[in-house]
Amino acid sequence: MDIQLIDTGFFHADGGAMFGAIPKTAWSRRYPSDEQNGCILAMRSVLVRDGNGRIILVDNGAGNKHLKQLSYYKFFDLVDLKDELQSRGVACEDVTDVVLTHLHFDHCGYTTQKEVQPDGKHLLKTTFPNATHWVSRAQWENFLHPNALEADSYFIENMQAVCDSGKLRLIESDTTLCPGVDLRLFDGHTPGQIAPYITTSERTYVFAGDVIPLAASVSPLWISAYDTCPVVSYNEKIRMLEEATSKKQAIIYCHDAYTRCSTVKKVNDFFTVDQKEQK
Ligand SMILES: [Zn+2]
């Protein structure tokens with residue numbers, strides 16, 4: 001089992017939004033920000049090769065279709081994922097599975113791409129034509145019928161071509177994708193977020209998605225204002241962290257621009273980052 005983290009690009013988010021009710025005097029000690037409270041966030045993706053023919057991509061960043069509409073976020077250092085995968089010996093056609101933790105724009109934007117037709121018209125095509133695309137049914141329903149808080153985070157253009165191609169696989173509950181890769185569901189940030197659990201010979205890596213987006217979010221009370229159900233987020237984080245501490249699992253932080261991965265520990269009922277890992 002081979003795991004590689006890929007930073008697909010970075011953007012700016014408001015630190016107040018990222019840390020919700022936590023005062024800046026507290027969060028600014030744990031995450032850098034500029035004078036306007038702007039924090040730099042990564043958009044991290046994971047490439048998993050199981051050694052048995054499965055090539056799995058987890059999340060794929062914001063892509064390039066909606067950058068104008070999303071200019072508020074000041075994206076930078078965006079990589080062309082196709083070139084990035086190629087440099088790692090993987091063609092888009094080789095990808096067997098795309099796992100989308102959830103369908104907010106910063107996680108699934110590269111799932112489809114615009115292709116210019118001979119008549120000058122644009123056609124949206126799936127970027128990974130042979131891949132099964134894994135999404136939870138709860139997330140898919142929420143995507144099709146979003147609540148007011150999440151509506152602006154969803155773009156139908158990111159997923160319509162996948163749905164039309166018949167390559168969308170909706171899961172209702174925790175599911176094994178292949179031996180060593182389990183897809184587990186967590187609510188709170190958004191309904192039915194998938195956290196892939198990837199087990200190598202060394203340990204299990206948890207791609208925590210927006211359940212725990214930053215190393216600074218390991219404290220269960222440090223909940224983003226983007227989470228639609230914060231009390232649920234709190235309980236779900238504890239569920240993830242209890243297991244991660246007892247089984248020495250490593251958490252991959254999808255949005256942390258400074259810490260990509262770490263184990264966690266529990267000291268006197270407080271969860272904290274333990275050993276950071278350069279993945
Ligand atoms: Zn999200």
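**Strand pairing in this predicted model.** Two strands count as a pair here if DSSP finds at least two bridges between them. Keep in mind that the model is a predicted one.

Close-up 1. In β13, F207 finds its bridge partner in I252. Strand β13 covers residues 250-252, runs parallel to β12 and is joined to β12 by 3 bridges. To get from β12 to β13, the chain goes through helix α7 (residues 230-246), and this β-α-β crossover is right-handed.

**Close-up 2. Strand β12, side chain by side chain.** Which residues of β12 point which way? T204 and V206 go one way from the strand (residues 204-207), while Y205 and F207 go the other way. Buried or exposed? All of these residues are buried.

**Close-up 3. The β11/β12 hairpin.** With 4 residues between them, β11 and β12 make a hairpin. Strand β11 takes in residues 193-199, and its pairing with β12 is antiparallel, over 3 bridges. Look for I198, which sits opposite Y205 of β12.

Close-up 4. Zooming out a bit, 7 strands line up in the order β9-β10-β11-β12-β13-β14-β15, in an open sheet with mixed pairing. The edge positions belong to β9 (175-178) and β15 (270-276); each has a single partner strand, so one side of each lacks a neighbour in the sheet. From one strand to the next, the twist averages 35°.

**Close-up 5. The buried side of helix α5.** Helix α5 spans residues 137-144, and its buried residues are Q139, W140, N142 and F143. Why do these residues share a side of α5? They cover an arc of only 165° around the axis, so they end up on the same side of the helix. Among the elements covering them are β7 (132-136), α6 (160-165) and β8 (168-171).

**Close-up 6. V79 in its loop.** V79 belongs to the loop between β3 (55-58) and α3 (81-87). Setting aside neighbours within four places in sequence, V79 is in contact with D7, T8 and E84. V267 is 188 residues from V79 in sequence, and the two are 39 Å apart in space, C-alpha to C-alpha.

Key:
Residues are numbered from 1 along each chain as its sequence is written. This is a predicted model: local features need pLDDT of at least 70, side-chain atom pairs count only at pLDDT 80 or more; totals for chains, interfaces and linings use all residues. Side-chain values use heavy atoms; hydrogens and water are left out. Buried means under 20% relative accessible area, exposed over 50%, partly exposed in between (1.4 Å probe, protein chains only). Helices (H or I, at least four residues) and strands (E, at least two) are DSSP runs, numbered from the N terminus. The arc is that of the directions from the helix axis to the C-beta atoms. Contact means heavy atoms within 4.5 Å. A crossover is right-handed if, with the strands pointing away from the viewer, the path from the first strand over the helix to the second runs clockwise. Axes are lines fitted to C-alpha atoms, for helices over the stretch in contact, and angles run from 0 to 180 degrees between N-to-C directions.
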